[in-house]
Amino acid sequence: MEHLIVGKIVNTHALQGEVKILSATDFKEDRFKKGNTLYIAHNGAHIPVTVASHRVHKGADLVKFKGLDHINAVELYKGCDLLVDYEDLGELSEHEFYYHEIIGCKVVTEEGEAIGTIHEILETGANDVWVIEREGQKDALIPYIEDVVKIVDVENKRVTIHVLEGLL
């Protein structure tokens, strides 16, 4: 069974077993939904936990797991990654991708010229911006818009872009 990191347990909260999560997902409402199964990566094992509740407090995601009802039960998981099974990811609409599908893709121009590799995605509000690591040069910032990104081939980890004037 393969897993994807959706967050990190960074601290406990109060005495009833809630944990503070540093989220690594765009789908918080789906991932931390009551009844969902997640996995805590702890000492080489993936411990299944069921979400009992999720709330946002002062900008932080607080999650409580069924059966872990006291701070002592969750204290040992501080610093552990929180995972979801790949099979539980769900289908996305056309032209939507999970970050793990995009990060690591090689970027080329429509003419086939290699630009670099996507190593980060920035959320700007209007559209995502893909950060392209280029050998011997500063990173390039590519907006994920129809005028620029022409082909996304996640199976072959390759993205083809149209280079607008001043983009690179």
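User: Where is Gly-79 found?

Analyst: Gly-79 is found in the loop between helix H2 (71–74) and strand E6, where helices (H or I, at least four residues) and strands (E, at least two) are DSSP runs, numbered from the N terminus. Before we go on, please keep in mind that this is a predicted model, in which local features need pLDDT of at least 70 and side-chain atom pairs count only at pLDDT 80 or more, while totals for chains, interfaces and linings use all residues. Residues are numbered from 1 along each chain as its sequence is written, and side-chain values use heavy atoms, with hydrogens and water left out.

User: Ok, and what does Gly-79 touch, not counting residues up to four places away in sequence?

Analyst: With those neighbours set aside, Gly-79 touches Lys-8 and Ile-9, a contact being heavy atoms within 4.5 Å. Gly-79 and Lys-8 are 71 residues apart along the chain, yet their C-alpha atoms are separated by 6.4 Å. Gly-79 is partly exposed, because its relative accessible area is 43%; buried means under 20%, exposed over 50%, and partly exposed in between, using a 1.4 Å probe and protein chains only.

User: Is Thr-12 buried or exposed?

Analyst: Thr-12 counts as buried, because its relative accessibility is 16%. Thr-12 sits in strand E1, which covers residues 3–13, and, leaving out residues up to four places away in sequence, Thr-12 touches Glu-18, Val-19, Ile-71, Val-74, Glu-75 and Lys-78.

User: What about Leu-15, where is its place?

Analyst: Leu-15 lies in the loop between E1 and E2, and Leu-15 is exposed because its relative accessible area is 54%. Not counting residues up to four places away in sequence, Leu-15 touches Asp-69, His-70 and Ile-71.

User: Switching topic: how many residues has the largest nonpolar core?

Analyst: The largest nonpolar core has 20 residues, and those with the most contacts inside it are Leu-38, Ile-40, Phe-65 and Leu-82. Such a core is a set of buried Ala, Val, Leu, Ile, Met, Phe, Trp, Tyr and Cys residues joined through side-chain atoms within 4.5 Å.

User: Which elements give two or more residues to this core?

Analyst: Those elements are E1, E2 (18–23), E3 (37–42), E4 (45–57), E5 (60–65) and E6 (81–85), and the largest share, three residues, comes from E1. Apart from this core lies another, of 15 residues, including Ile-115, Ile-118, Ile-121 and Ile-132. As a general point, nonpolar side chains tend to be buried together in soluble globular proteins.

User: And what is Leu-38 in contact with, beyond its neighbours within four places in sequence?

Analyst: The partners of Leu-38 include Val-6, Phe-32, Ile-47, Val-51, Phe-65 and Leu-82.

User: How do strands E8 and E9 pair?

Analyst: E8 (residues 114–123) and E9 (residues 128–133) pair in the antiparallel sense over six bridges, where two strands pair if DSSP finds at least two bridges between them. Glu-120 stands opposite Val-131 in E9, and in the hairpin of these strands, with four residues between them, Gly-125 takes a positive phi near 105°.

User: What does E9 do with E10?

Analyst: E9 and E10 (residues 140–143) pair in the antiparallel sense over four bridges, with Pro-143 in E10 as the bridge partner of Val-129. They form a hairpin with six residues between them, and Gly-136 in the turn has a positive phi of about 75°.

User: Which residue other than glycine has a positive phi near 50°?

Analyst: That is Asn-43, in the loop between E3 and E4, and Asn-43 is exposed because its relative accessible area is 72%. Lys-58, in the loop between E4 and E5, has a positive phi near 55°, and Lys-58 counts as exposed because its relative accessibility is 78%. Most residues other than glycine have a negative phi.

User: Last one: how many helices and strands are there in the protein?

Analyst: There are three helices and 12 strands, and of the 168 residues of the protein, 36% count as buried. The C-alpha atoms fill a box of roughly 60 × 30 × 30 Å, taken along the principal axes.
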